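Thanks for coming. I will walk through one structure today, a piece at a time, so please have the display in view.

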Amino acid sequence: MPKFTVLIIEDEKNIQTFMGKILKRHEYRVLCADTGSQGLDIIRSQCPDLILLDLGLPDINGNEIIREVRTWTSTPIIVISARSAEREKVQALDLGADDYITKPFGTSELLARIRASLRHSNRLNTDSSVYIRSYRCGAMVLDFSRRLLTIDGREVHLTPIEYKIVAYLAQNSGKVVTYSSILSNVWGPYTDGDNKILRVNMANIRRKIEQDPAQPQYIFTEVGVGYRMAEDEEET
Ligand code: CA
């Protein structure tokens, strides 16, 4: 199986080295750039499979890089941010980043983010029938073809709106999904952008699927940004 190539655009050498070591150890091919312009050159010449992008670069604002890259390719971009400011994350996601990871982060978190973004982009590019295969995580199975959600083999009754929300999150499992993306995907592009209707539905979904809605196992809150569904346990 050919290795996936990951480009790390990060001016802090210790973080660049740390990430590079982890990725090489997990069979990724790694390219590194210390500046934004160097990063853009490598993206154009080497076409990496995934980009890890620090937003605070010495020459170009990371958001400018996302904007530029998105004019010609949908290569997944995961933003690395020291800053935990939610607005900055939402802005990067709105510009076309696929996900973000906040410093300091651990090995398993980094690998999970990369896996989820690569898997999602592969589905979009090559095999839409993958969506027909069920989502599985722990005791939960979501069968897209039958629109059936079960936990421990027992059917969970969802309203049509609740089903749409859960299905959309499951199709993006492991990745953050913003409030606005869920709203427009479920209610259509003309929603007023009010999160309240989504929060109400999510509270109902959690009551139905989570043992303890305050300590969710399946759908996690990304404060101020959106939701993230636990990663699909697919056989690779
Ligand atoms: Ca930096």
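The count of salt bridges here is 18, where a salt bridge is a side-chain nitrogen of Lys or Arg within 4 Å of a carboxyl oxygen of Asp or Glu. Before the individual pairs, some housekeeping. This is a predicted model, in which local features need pLDDT of at least 70 and side-chain atom pairs count only at pLDDT 80 or more, while totals for chains, interfaces and linings use all residues. Residues are numbered from 1 along each chain as its sequence is written, and side-chain values use heavy atoms, with hydrogens and water left out.

I will also speak of helices and strands. Those are DSSP runs, numbered from the N terminus: helices are H or I with at least four residues, strands are E with at least two. Buried means under 20% relative accessible area, exposed means over 50%, and partly exposed is in between, with a 1.4 Å probe and protein chains only.

Now some of the pairs. Arg70 and Asp98 form a salt bridge through their side chains, at 3.0 Å from N to O. This pair links distant parts of the chain, 28 residues apart: Arg70 is in the loop between helix 3 and strand 4, and Asp98 is in the loop between helix 4 and strand 5, residues 99-102. Arg70 counts as partly exposed because its relative accessibility is 24%. Asp98, at 16%, counts as buried.

Next, Arg133 and Asp232, whose side chains meet in a salt bridge at 3.3 Å, N to O. Arg133 is partly exposed at 29% relative accessibility, and Asp232 is buried at 7%.

What about Arg228 and Glu222, buried or exposed? Both are buried. Their side chains meet in a salt bridge of 3.0 Å, N to O. Arg228 and Glu222 also belong to a network of salt bridges with Asp99, Glu109 and Arg113.

Staying with strand 12, that is where Gly226 is found. Gly226 is buried, with a relative accessible area of 0%. Contact means heavy atoms within 4.5 Å. Leaving aside neighbours within four places in sequence, Gly226 is in contact with Val177, Thr178, Tyr179, Phe220 and Thr221.

Val177 turns up again with Asn172. Asn172 sits in the loop between helix 6 (160-171) and strand 10 (176-178), and Asn172 is buried at 9% relative accessible area. With neighbours within four places in sequence set aside, Asn172 contacts His120 and Val177.

On to the calcium ion. Which protein residues are its donors? They are Asp11 (OD), Asp54 (OD) and Gly56 (O), 2.2 to 2.4 Å from the ion. Donors are N, O and S atoms within 2.8 Å of the metal, or 3.2 Å for Na, K and Ca; water is not among the atoms, so sites may look incomplete. Along the sequence, the spacing of the donor residues reads D-x42-D-x1-G. Asp11 lies in the loop between strand 1 (5-9) and helix 1, and Asp54 lies in strand 3 (residues 50-54), so the pair ties together parts that are 43 residues apart in sequence. Asp11 is partly exposed at 30% relative accessibility, whereas Asp54 is buried at 4%.

That brings us to helix 1, residues 13-25. Its buried residues are Ile15, Gln16, Met19, Gly20, Ile22 and Leu23. They are on the same side of helix 1 because they cover an arc of only 165° around the axis, the arc being that of the directions from the helix axis to the C-beta atoms. The face turned away from that side carries the exposed residues Asn14, Lys21, Lys24 and Arg25. After helix 1 comes Glu27, with a positive phi near 70°.

Last, helix 3, residues 62-69. Here Gly62, Asn63, Ile65, Ile66 and Val69 are buried. Their arc around the axis is only 155°, which puts them on the same side of helix 3. Among the elements covering them are helix 2 (36-46), strand 3, strand 4 (77-81) and helix 4 (86-94).
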